[in-house]
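Me: Please take a close look at a single spot in this model for me. Then set it against the rest of the structure, in one connected account.

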Amino acid sequence: MSIRYFDGESAEVHSVAVRVTTNELVIYRPAGAEVVARWPIGEVAVLGDVQHEAAPPVVRRGSDARLIIEDPQVRSHLASLVPALQPLVPQPVAVGRRIAIFSAAIVALVGMFWGALDYGTEYAAPFLPHSLQAQLGETVLDDLLADKEECEGAAGLAAINRLANDLAREAGYRHPITVHIVEGGPVNAFTLPGGILVFYSDLITQAKDSSQVAGVVAHEIGHVVHYHPTKGLVRAYGMDLLLKLVSGGYSDMMSTVGGGGSLLLALRNGRAAEREADSTGVDLLERRGLRADGVSSFFQQLMEKEPKDAAAAAGIWSSHPPTAERIEATRRPATGRPAFSTAEWQALRNVCK
Amino acid sequence: MLVTLGWSRFWGRTNIRRYVWSHLAILGDRFEYRGRGRELLIGFLLALLLVAVWIGLMWLVWLYVFHEKPAASFGMFDLFSLSVALIGFPLAYVGHYAGLRYKLSRTRWRGIRCGMAGSAWSYGALATGLHFANATTAYLLTPLVSVSLARPRISNTRVGTLPFLFAGRAGDIYGRYIGYYFLNIVAWIVAGIAVFAAVGGTIESLGISSDDFLKLLSKPSLNTVLLVLVLAFAAYIVFGLLILPLRCWWQAYLMRYLVTHSRAGNVLFTTAITTRQMWGFLVLNYLIVLLTLGIGWPWVMHRTMKLISAQLWIYGEPNGQEIRQPTDRSPGYGEGLLDMFDVSGV
């Protein structure tokens, strides 16, 4: 019976044997039966468990002394005599059940978080204080415009801002819209949180007529009134947080893979948002009695320039729906008042000069 | 326990340590790990609080020193990230030392508590200063840094009342380091030439002139991106094969030196860890964790434990009666800073 006893005061090794009486654990030297220590049964405990430790120490509560029992037979013998030593005997663990509960809990939690993120932002984003959204947007704007030239033509800026604010008011959006025009390309425009629109001047100079620019303005206002940029940001941060929670911040690889997943989610949301912005934009133009064929004719022009539909080819990897589909969905007759007066359109064309 | 919800990691880590410690024995007696998950959680929350206070402080600086005016594209976020980089570096060292102290204080051998004396803050200051000096002298101070930082860690370690002693001097290992230093430079040059030759050869064999190649890069298609990725990976492998073994050669030497110059009372330590074993420890383990998305981590733990038990040789037996239980108190919570900067392996 090889039991080692340490008195908790020094590192001296005592080879001992153990005897159980009605109310005591008696620790004694096998040779000469000299008693080393007597532990009251009520104060005996096991530290740790056999699942994690090879030899969980038996202790007397409140002292540093230890009994180390390696022999499984001795352990189960003592455990049968002293209930407090039960942890020394391996208990059957329902591994399958434990894994099932764990996985179910994780799946449920992730699902809840995901749902809250995906649907919650849909409803919560408009309630984020406008000042906060604007601050977010301006931070991003400062970053984006750091090395770019902004166009300062007052009349042109006034024209595009006038239309943007008219359309936003038509949609019941209560905050002011600010349009920035950046010199150069690509032929593009985008929206930042807080009602900030950024247009590249190439889009304006390459537009066939004012209705195309008006179409793009209307599309971007569609993004604004649906709070797409704010939702996008909230989702991105939320996904990041979710990944950290799930991976425990341990594995870089895990977050890379997960990052791919959240990118796909963002892109899917992106396509849905584009469709929503398209239809809202066209709708707003029609409600104000303005020419609403600009959106589809703008896409038409894009298609002619680059017949290969990059968005359709990229499929789920695309942030935008297939262009052909968008042309179909936004096709309107070329009727209604022009969105810009001739003078306004002239000024807008010359906004960078 | 790797892929787990963030908060359970404190308890998971504690369980893993209890397992690892109890499967390592010296002179027939197993180590015990008696830390609690709760202590790790508290440490983490304290570190979180520290960071929160720091964010608040930086916010005030932003308000009252910079008056919310971004100067030359230097905004609030730049100020914050710069300041975190500045304090993060020293704090990571402080956390490293405090984490060691915590782990030792929760470690028992023959019922005797281990511990670590010394100040984590002065270690942090020393480490920051030395690493800074090293970086500004083209890493020629590395042996000095290694030895000077090993000294406080080793000589402050105690098993009960028995202190460890460290008798290393940087001068002893400078010769080998200078050799490593220049071999390393040569290896980088060779690897660089190999990669450039390979890239050039690939481009030529594809029949693309360098002008076309530049055009391809300025308007990348999916194929170009893939090609560049493959080339980058190949370059990584070439560098890995040349540079890393050299590094392992030096690390193995350093490890042998540090271990053999440490002792505890009349107990001497030594190791003959080879470059190959160091490669297995540093590189293979990393690859295992990476390629299994972290699931292979228990395997890595097991490999590491086997390496330690095979390669840490102990001579001499301590007088058990002379090693007494320490009377000082151990830290109440653990590892917050270390956890924050995520540099703790176990």
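**A loop position in chain B, and its surroundings**

Reply: B:Arg110 sits in the loop between β3 (107-109) and β4 (112-116) of chain B. Keep in mind that this is a predicted model. The phi of B:Arg110 is near 55°, a positive value in a residue that is not glycine. Most residues other than glycine have a negative phi. Is B:Arg110 buried or exposed? B:Arg110 is buried, because 27 other C-beta atoms lie within 10 Å and 20 or more are enough for that class.

Now the chain around that loop. Chain B has eleven helices and nine strands. Of its 346 residues, 24% are buried, and B:Arg110 is one of the buried ones. Take the contacts in chain B with a separation of 6 or more: 69% of them join residues 24 or more positions apart.

A:Pro321 is in the loop between α10 (310-314) and α11 (323-330) of chain A. With 18 other C-beta atoms within 10 Å, A:Pro321 is partly exposed. What lies across from it in space? A:Arg271 is 50 residues away in sequence, yet the two C-alpha atoms are 5.3 Å apart.

Step back to chain A as a whole. It has twelve helices and ten strands. Buried residues make up 32% of its 353 residues. Among its contacts with a separation of 6 or more, 61% link residues 24 or more positions apart.

Next, the nonpolar interior. In soluble globular proteins, nonpolar side chains tend to be buried together. The largest nonpolar core here has 41 residues. Those with the most contacts inside it are A:Leu163, A:Ala164, A:Ala214, A:Val217, A:Ala218 and A:Ile221. Several elements of chain A each supply at least two of the core residues, including α4 (154-170), α6 (210-225), α8 (252-287) and the strand β8 (178-182). α6(A) gives the most, with eight residues. Look at A:Val217: leaving out residues up to four places away in sequence, it touches A:Ile160, A:Leu163, A:Ala164 and A:Leu167. A second, separate core has 19 residues, among them A:Val18, A:Trp39, A:Ile68 and A:Ile69.

How do α4(A) and α6(A) meet? Their axes come within 9 Å and cross at roughly 45°. That angle makes α4(A) oblique to α6(A). The crossing of α4(A) past α6(A) is right-handed. From α4(A), the contact uses A:Ile160, A:Leu163, A:Ala164, A:Leu167 and A:Ala168. From α6(A), it uses A:Ala214, A:Val217, A:Ala218, A:Ile221, A:Val224 and A:Val225. In this contact, eleven residues are nonpolar, none polar and none charged.

Back to the starting point.

Notes:
Residues are numbered from 1 along each chain as its sequence is written. Chains are lettered from A and ligands numbered from 1 in the order in which they are written. This is a predicted model: local features need pLDDT of at least 70, side-chain atom pairs count only at pLDDT 80 or more; totals for chains, interfaces and linings use all residues. Helices (H or I, at least four residues) and strands (E, at least two) are DSSP runs, numbered from the N terminus. A residue is buried if 20 or more other C-beta atoms lie within 10 Å of its own, exposed if 12 or fewer, and partly exposed in between; C-beta atoms are placed from the backbone. Two residues are in contact if their C-beta atoms, placed from the backbone, lie within 7 Å. A nonpolar core is a set of buried Ala, Val, Leu, Ile, Met, Phe, Trp, Tyr and Cys residues joined through C-beta atoms within 7 Å. Axes are lines fitted to C-alpha atoms, for helices over the stretch in contact, and angles run from 0 to 180 degrees between N-to-C directions. Angles under 35 degrees count as roughly parallel, over 145 as roughly antiparallel, 65 to 115 as roughly perpendicular and the rest as oblique. A crossing is left-handed if the near helix is turned anticlockwise from the far one by less than a right angle, and right-handed if clockwise. Ala, Val, Leu, Ile, Met, Phe, Trp, Tyr, Cys and Pro count as nonpolar, Asp, Glu, Lys and Arg as charged, and the others, Gly among them, as polar.
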